[in-house]
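Thank you all for making time this morning.

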Amino acid sequence: MTTPLLPDDYFALLDPRWSTREATGTVLRVKSETDEAATVVVRPDHPWPGHRPGQYLRIGAEIDGIRHWRAYSLTSDPDHPRGLVSVTIKTVEGGKMSPWFTEVCGPGTSVFLGNVEGEFALPDPLPEKLLMISAGSGITPIWSMLRELQRRGRLDDVVHLHGTRTAEGFIFGAPLRELAAENDGYKLHEQLSADDGRLTTENLDDLCPDWRERSACLSGPREMIDAFTEHWEAEGIADQLQTERFQPVIGTGDAEVGSGGTVSFVVTDKEATCEQGISILVGGEEAGATLPYGCRMGICHTCVGVLREGQVRDLRSGEVHGEQGETVRTCVNAPEGHVVIEL
Amino acid sequence: MTPTGPSTATIPGTNDGSHGGASRRDGDPNAFNPLFRLSSEEIEEIGERFQKIHDEVKADLGERDAQYIRSIIEFHRRLTALSRIVLMASRYPPAWLLGTAGLSTAKILENMEIGHNVLHGQWDWMNDPQIHSSTWDWDTASTAASWKHSHNYVHHTYTNIIGLDKDVGYEFMRVDPKQKWSPEFLAQPFINVLVMLFFEWGVAIHDMDLEAIKKGKKSKKAIMADLKGIGRKAGRQVLKDYVLFPALSGKHWKKTLKANFTANIVRNIWSNAIIFCGHFPDQAYTFTEEEVADETRGGWYVRQLLGAANIEGNDTFHLMSGNLSYQVEHHLFPDMPSSRYKEIAPKVKALCEEYGLPYNTGPFWQQWLMVQRTILRLAFPGGGETPKPGPYVAPPEPPRQERTVQGVEGPIKAFP
Ligand code: FES
């Protein structure tokens, strides 16, 4: 009846939240956690499908007319009585979305809710002894897990090592200290990197002598994860360690400028390498992928694909751009490092 | 409205070889095609300058632009809903008239300012999946996919290259003397009227490549696949406009059907006029394949500039034409949001003036009549190159009149 539109599009004229085209939510409040971090509480406009503690949410918002997406760990209880959800965000200096969430957006702002993703979760069945290791804003999924343990009354024997620069900068520091004071089964160690140096594998034997016997969950920056994973592997107990790197792997920026990169095409299931100045389209074709194209000069938008991971360089302007979920023209963009594209 | 100055189109017969830099190559109708008078360095320079205009706008896109397209889309939906409701009472003549006018306007807006431009990817930068060239569909017979191929790719890449750009005459009309005449073009004046009335259907089958079908170059299977796509889309359109909505008016369904039919025809005539005025008026240049072999990006820009023509008008006119009245700007920057064309027009004109290039434009009726004249003339064999305007020259600044207070010596500003 309303072709080519959906009846939805007309209902949305009356109230935009009635549209079921996309999952949306409304920010209820932004609660400051530390100087640099805040928890954004959102009321989903549609019933929340639930999540597992430790998972993250892709959340989108429009900033100056452009929709951006990021993934943040969920810090709300999966079965919140009022169906609210929250993510806790640390401001990344020079970032686009994190400062917007922590400083600009306020109650009433509309946000877009993407998928709940992530394999990071409490071991099932729950082991006797647990070891939690976190650093910086890597605390967020660990916090969700600890709350879950508390709810289930299973804070039997949990050692938690957390690395933070200062005691005040410890996100969820106050409630966790309280938790430790009330529960004998939960031992919290805060390592202030400003005084005692960063938390490394060398600290393990001192802080948690029986670490080899525990199931471990680790969330922190990439270098830390790499080092710890190696350590567990060396002991031959890598299967006892679960990790989550909270920094998405995007163009790290340390590759030489415009030096090209590699592309994974997820639909055609091809891998390609693009030398400097070679577009994703050409690289893909040389690797044998059949890709859509038209003008091959950036005007017709026939060749677009959705960027899943990584960043690209516009071969015309030299500008490096791209974030998860953005559509890019493969004929005029080259990979900057590794990219994953939906084509 | 920006002052457009005297349109170059109104300066007739500038083709006398007297303007700067043109060298007459005897018997060559393209002797004055400015593309061939520029050095390759100049062409590259022009290309870079145009690219800079594009990049500046791209960097500036934001909230204001997003609000613009959303408000237009919302306006269109409200107008459509309202018109359909009014048409339920189509048995009363005023309701019929009002509903038909509203629906025609809505359909024009939807096709021109919204559909055409969204499908070009002009709003892709917003990263909003609802207003995106990859997901959009429009209220017309042709499918979004075939349109994007025949228009965004073929027409905008090979603009006005005879033989490659299938929009030059759409493979069944002769609108340029470089196209070879054959007797079937004698029917052109009649076909022209049909195309005006049923433009959306012409556009729908356009991507099927009639030329190839005639020559038997296209497989039966490919033809069937195309027809199926068109059939599905067209079926839904027909069902909506000619069955479901008329049914809502009960036993007066005929009146509503007539209203919907009228709205579609009005939209067809209008979009046909705007689109034909974009490339077929006298001022626009066409090119042969040899002429543009080894074309660079700069050359592409110059060809776009020369091959298109603007239409002068007020803001409402520009809106209703989907800003295709800024055809020149649109062809230079097909994926720039249409709402920005007016803003960059002065920069484009300045570049034209600097490099002695024409800026093709003219009032609506003049352009439209030129097109009709060409169509009639070229139905018959022969026909020469149409006279082309000279380089664009900015109109002189009108002398400023400042109000002065009477009886006081010397000019004193009354309203400083
Ligand atoms: S092929 Fe035309 S934009 Fe990429």
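Before I go on, a word on the ground rules. This is a predicted model, in which local features need pLDDT of at least 70 and side-chain atom pairs count only at pLDDT 80 or more, while totals for chains, interfaces and linings use all residues. Residues are numbered from 1 along each chain as its sequence is written, chains are lettered from A and ligands numbered from 1 in the order in which they are written, and side-chain values use heavy atoms, with hydrogens and water left out.

Chain A, then. Its domain assignment (bounds of this kind come from an automatic or database domain assignment) gives domain 1 (7-117), domain 2 (130-245) and domain 3 (261-342). Between the C-alpha centres of domain 1 of chain A and domain 3 of chain A there are 29 Å.

Please find helix α2 (residues 97-104) of chain A, which is largely enclosed by the rest of the structure because six of its eight residues are buried. By buried I mean under 20% relative accessible area, by exposed over 50%, and by partly exposed anything in between, with a 1.4 Å probe and protein chains only. The buried residues of α2(A) are Met97(A), Ser98(A), Pro99(A), Trp100(A), Phe101(A) and Thr102(A), and they pack against β1 (24-32), β2 (37-44), β3 (56-63), β4, β5 (85-90) and β6 (110-117) of chain A.

Further along chain A, in the loop between β12 (261-265) and β13 (270-274), you will find Asp269(A). Its phi is near 60°, a positive value in a residue other than glycine, and Asp269(A) is exposed, with a relative accessible area of 65%. Glu171(B) lies in the loop between α4 (144-157) and α5 (188-197) of chain B, and with a relative accessible area of 13% it is buried.

While we are in chain B, look at Asn268(B), placed in helix α9 (residues 253-279) and buried at 2% relative accessibility. Which residues is Asn268(B) in contact with, leaving aside its neighbours within four places in sequence? They are Met196(B), Leu197(B), Phe198(B), Phe199(B) and Glu200(B), where contact means heavy atoms within 4.5 Å.

Now to the salt bridges, each being a side-chain nitrogen of Lys or Arg within 4 Å of a carboxyl oxygen of Asp or Glu. The structure holds 45 of them over all chains. One joins Arg316(A) and Asp314(A) at 3.3 Å, N to O; Arg316(A) is partly exposed, at a relative accessible area of 30%, whereas Asp314(A) is buried at 8%. Another joins Glu56(B) and Lys52(B) at 3.7 Å, N to O, and both of these residues lie in helix α1 (residues 40-60) of chain B, four residues apart, about one turn of the helix.

Finally, the interface. The contact takes 31 residues from chain A and 42 residues from chain B. The area buried between chain A and chain B (the accessible area, with a 1.4 Å probe, that two parts lose on being put together, summed over both) is about 3,000 Å², and carbon and sulfur atoms give 54% of it. How many salt bridges are counted between chain A and chain B? The count is four, and in one of the bridges the side chains of Asp128(B) and Arg67(A) meet at 3.2 Å, N to O. As for secondary structure, the elements that give two or more residues to the side of chain A that touches chain B are α1 (7-14), β4 (66-73) and β16 (327-329) of chain A.
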